[in-house]
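Here's a quick briefing to read alongside the model. Grab a viewer and follow along, topic by topic.

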Amino acid sequence: MKIFFLLTFSTIFLTSFEQASASAHYDKILTHSRIRARDQGPNVCALQQVMGTKKKYFSTCRNWYQGAICGKKATVLYECCPGYMKMDGMRGCPAVAPIDHVYGTLGIVGATSTQQYSDMSKLREEIEGRGSFTFFAPSNEAWEQLSSEIHRNLVDNVNIELYNALHHHMINKRMLTKDLKNGMTLVSMYNGQKLLINHYPNGVVTVNCARVIHGNQIATNGVVHVIDRVLTPVGNTIQDFIEVEDDLSSLRAAAITSDVLDILGRPGHYTLFAPTNEAFESLPRGILERIMGDKVASEALVKFHILNTLQCSEAIMGGAVYETLEGNTLEVGCDGETLTVNGVKMVKRKDIVTSNGVIHLIDKVLIPDSAKQVIELGGAQQTTFTDLVAQLGLASSLRPEGQYTLLAPLNGAFSDDTLQMDQRLLKTILKNHIIKVKIGLNELYNGQELETIGGKLLRVFVYRTAVCVENSCMVRGSKEGRNGFIHVFRQIIKPAEKTLHEMLRNDKRFSLVKAADLDDVLSRPGEWTLFVPTNDAFKGLTDDDKDILIRDKNALRNILLYHLTQGVFIGSGFEPGVTNILKTIQGGKLYLKTVNDTLLVNELKSRESDLMATNGVIHVIDKLLYPADLPVGNDQLLTILNKLIKYIQIKFVRDSTFKEIPLTFYNPSITQLTKLIEGEPEFKIVREGETITKVIHGEPVIKTYTKIIDGRPVEVTEKKVTEERIIQGPEIKYTRITAGGSDNEEKIKKFLEEEVTKVTKFIEGDGHLLEDEEIKRLLQGEAPVRKVQANKRTQGGSTRRRTRLAYS
């Protein structure tokens with residue numbers, strides 16, 4: 001029972017502590033300041049003072065360890081913590097400050113000017129008497145900063161103006177800093193005027209954007225908080241201020257056009273960075289007219305200047321990121337006494353406090369990405385691309401009402417040779433970096449094809465930590481504009497033009513690879529990654545050695561198929577330094593990783609990577625790869641391989657043989673049949689010398705494919721009726737075509753004609769039907785066949801004689 005009580009008590013205590021601390025950032029920062037000054041004696045607090053100013057702060061950990069506030073060097077001061085005082089001859093601040101009424105406490109905290117004005121305005125009697133008050137007392141420096149005109153008006157009319165002004169700094173109950181919650185609105189003792197409280201995570205507490213610089217000085221009839229400026233009454237909303245401020249007429253027009261002005265008249269806690277008329281006039285006329293003529297763009301523009309939180313300048317001690325009403329973010333910071341926005345000094349006047357927020361006047365217009373044209377989204381690292389697009393006349397083809405995606409290479413991707421090439425060729429290259437539709441990063445998927453304005457189809461490859469288009473992978477920095485997206489790429493994108501077979505055939509570096517009879521595999525559509533050993537990998541072999549290796553087709557095929565894996569794997573698509581395991585067609589495993597932008601396969605460097613083919617990618621290596629667990633059983637072959645492979649010990653098992661890998665491992669024929677034909681194909685075998693002419697009536701072609709519509713992949717189905725065709729030769733009957741057009745139909749007929757010719761070599765006698773599995777086996781060139789008679793009952797109840805193939 002005792003344990004239960006203790007656990008319950010502990011839980012309640014900790015919960016209460018957490019709730020209290022969550023709303024008392026000021027007190028938490030003050031505690032940290034006491035800890036930092038513990039070597040100075042009891043009740044001493046460490047502060048930071050900005051050099052060249054009188055501004056002092058109880059600092060956050062970040063400011064403390066940086067030794068700076070708002071980018072300016074800060075010196076460390078040690079003072080008595082609020083409520084304590086020094087004693088002669090003793091370390092630290094061992095004595096508690098005397099507790100007096102509010103008037104006397106003003107003198108204790110050094111707010112002597114406020115104390116003097118309380119005397120002059122007859123407020124003294126009130127704050128010496130009974131009650132419970134909170135007095136936000138301006139410091140002596142705060143009164144000195146007041147404009148001479150306002151100061152003179154107050155002093156000239158002490159019984160009304162000065163008395164009311166001081167009452168505006170008071171509330172009729174005691175409120176410690178822990179009670180001053182962020183976003184709270186208090187009612188002052190003057191005419192019900194509002195006091196807007198903000199309590200920030202960095203410990204700063206503000207009242208109408210005046211910072212509390214010395215808080216929680218307890219009095220017998222209340223509490224005193226010293227603040228750094230004199231408060232002025234707040235009555236208007238941000239909307240009211242914009243409507244009457246002449247220097248904001250351009251902003252007013254934009255806010256009215258976009259229907260945003262009314263938002264700024266509603267209750268809330270907003271921060272408006274308000275561009276002056278001069279700021280709008282500095283914009284290029286074409287850009288300003290386009291934005292103002294587009295309601296969506298103008299709404300985005302105005303909302304990009306509004307935060308949904310109230311950020312007083314005194315609360316900003318370093319850079320912080322805030323979300324705007326437009327949805328994107330601004331970085332608000334400070335540089336000495338000046339506020340910065342996105343790192344730029346642009347604030348002309350700060351802390352214009354209204355009843356629903358604060359206004360900072362700025363001398364630049366902030367244009368969000370969502371209001372920009374796609375070509376305007378390019379940053380400093382993509383200027384070469386955007387400049388070339390403009391210079392070669394492609395920018396004019398990006399219509400404001402259109403939808404586009406720019407695949408923008410970094411500046412460093414453009415070599416001198418590229419920049420000096422014929423402009424027509426360079427324009428073609430750039431066209432292949434502009435997609436006809438607007439596609440965001442989260443809309444891209446593996447296997448997707450993107451059509452460029454140059455008519456090329458670019459393939460998308462999605463990996464665990466990368467998205468690549470053809471040979472180039474993205475880097476961070478994607479942006480969405482009014483008419484499109486821009487994505488940043490490491491390299492210039494090079495669309496594939498040739499198959500793997502064509503690339504090898506035309507390159508003299510790979511002559512020995514061609515001897516493995518992989519032409520058919522490497523010519524067909526598919527997705528392959530091929531690690532191609534150059535002729536250098538076979539250095540040291542005599543002509544006799546090469547002849548032996550070439551004659552042993554099975555060994556050569558095993559070795560080279562260890563260099564082939566299914567799927568397209570771009571070198572820069574791999575996570576740097578992480579090993580990726582790929583299973584090869586031979587059955588062994590390859591171990592890939594990238595180190596310092598170099599692709600390593602089984603720890604061997606690829607000399608040239610990411611050579612794109614229409615059916616895969618090539619990575620060039622100058623050494624032969626060999627699976628470590630694959631034994632050799634032939635002394636002669638072992639001798640040859642040992643000449644080529646030095647980086648592993650090849651196993652030798654007497655008389656072991658390589659397994660036979662038929663070139664049908666990718667099932668090209670069967671895949672094509674099962675994809676394009678529904679139902680069983682019927683064959684009629686033609687006796688020697690006999691010719692059959694038959695008309696085939698094409699059924700409707702149902703063509704299904706994926707198309708990007710409004711930036712999203714949509715499955716589209718088209719129906720097309722094929723014309724009648726006459727075929728000479730063996731009769732071929734097929735049912736319904738489900739994909740492909742007339743080209744695919746011709747390929748199917750040609751394929752079936754060729755395969756039926758093969759079948760006739762194995763069959764004698766009358767025509768008959770073949771089972772699906774038998775067709776697959778026969779077309780793969782496996783065991784010979786024999787005839788087996790069998791009867792099969794048809795649907796009508798009769799029997800029919802069939803001849804089927806069986807393996808002997």
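Strand S14 (residues 270–275) pairs with S15 in the antiparallel sense, over two bridges. Keep in mind that this is a predicted model. The protein has 25 helices and 45 strands, and buried residues make up 47% of its 808 residues. Among contacts between residues at least 6 apart in sequence, 61% join residues at least 24 apart.

- Strand S20 (residues 347–354) and strand S21 (residues 357–362) run antiparallel and are joined by five bridges.
- To pick out one of those positions, look at Ile 352, whose bridge partner in S21 is Ile 359.
- S20 and S21 form a hairpin, with two residues between them.

**The antiparallel sheet: S16-S17-S18-S19**

- Here four strands make an open sheet in the order S16-S17-S18-S19, with antiparallel pairing.
- Strand S16 (320–323) and strand S19 (344–345) stand at the edges with a single partner strand each, so one side of each has no neighbour in the sheet.
- S16 pairs with strand S17 (residues 329–335) in the antiparallel sense over four bridges.
- Glu 323 has Thr 329 as its bridge partner in S17.
- Gly 327 is found in the loop between S16 and S17.
- Gly 327 has 41% relative accessibility, so it counts as partly exposed.
- The C-alpha atoms of Gly 327 and Leu 307 are separated by 9.7 Å, and the two residues are 20 apart along the chain.

- Ile 375 has its place in the loop between S21 and helix H15 (383–391).
- With a relative accessible area of 23%, Ile 375 is partly exposed.
- What does Ile 375 contact, leaving aside its neighbours within four places in sequence? The residues in contact with Ile 375 are Thr 386, Val 389, Leu 398 and Leu 406.
- Thr 386 is 11 residues from Ile 375 along the chain, and their C-alpha atoms are separated by 6.6 Å.

**Helix packing: H20 and H22**

- Two packed helices are described by the angle between their axes and the distance between the axes.
- Helix H20 (residues 543–551) and helix H22 (residues 635–644) pack at an angle of about 115 degrees, and their axes are 11 Å apart.
- The crossing in which H20 passes H22 is left-handed.
- On the H20 side, the contact is made by Asp 545, Ile 548 and Leu 549.
- On the H22 side, the contact is made by Gln 636, Leu 637, Ile 640 and Lys 643.

**Aromatic pairs and a charge over a ring**

- How many aromatic pairs does a search of the whole structure find? The search finds four.
- Tyr 117 lies in helix H5 (residues 112–120) and Trp 143 in helix H7 (residues 140–145), so the pair ties together parts that are 26 residues apart in sequence.
- Both Tyr 117 and Trp 143 are buried.
- For Phe 569 and Phe 574, the ring centres are 6.4 Å apart and the planes are at 10 degrees, so the pair is stacked.
- The cut-off for buried is under 20% relative accessible area, so Phe 569 counts as buried at 19%.
- Phe 574 counts as buried too, at 8% relative accessibility.
- Phe 569 and Phe 574 form one aromatic cluster together with Tyr 463.
- For a charge over a ring, go to Arg 211, which lies over the face of Tyr 57 at 4.0 Å from the ring centre.

Technical notes. Residues are numbered from 1 along each chain as its sequence is written. This is a predicted model: local features need pLDDT of at least 70, side-chain atom pairs count only at pLDDT 80 or more; totals for chains, interfaces and linings use all residues. Side-chain values use heavy atoms; hydrogens and water are left out. Rings of Phe, Tyr and Trp (its six-membered ring) pair if their centres lie within 6.5 Å; planes under 30 degrees apart count as stacked, over 60 as edge-to-face and the rest as tilted. Buried means under 20% relative accessible area, exposed over 50%, partly exposed in between (1.4 Å probe, protein chains only). A charge sits over a ring if NZ of Lys or CZ of Arg is within 6 Å of the ring centre and within 35 degrees of the ring normal. Two strands pair if DSSP finds at least two bridges between them. Axes are lines fitted to C-alpha atoms, for helices over the stretch in contact, and angles run from 0 to 180 degrees between N-to-C directions. A crossing is left-handed if the near helix is turned anticlockwise from the far one by less than a right angle, and right-handed if clockwise. Contact means heavy atoms within 4.5 Å.
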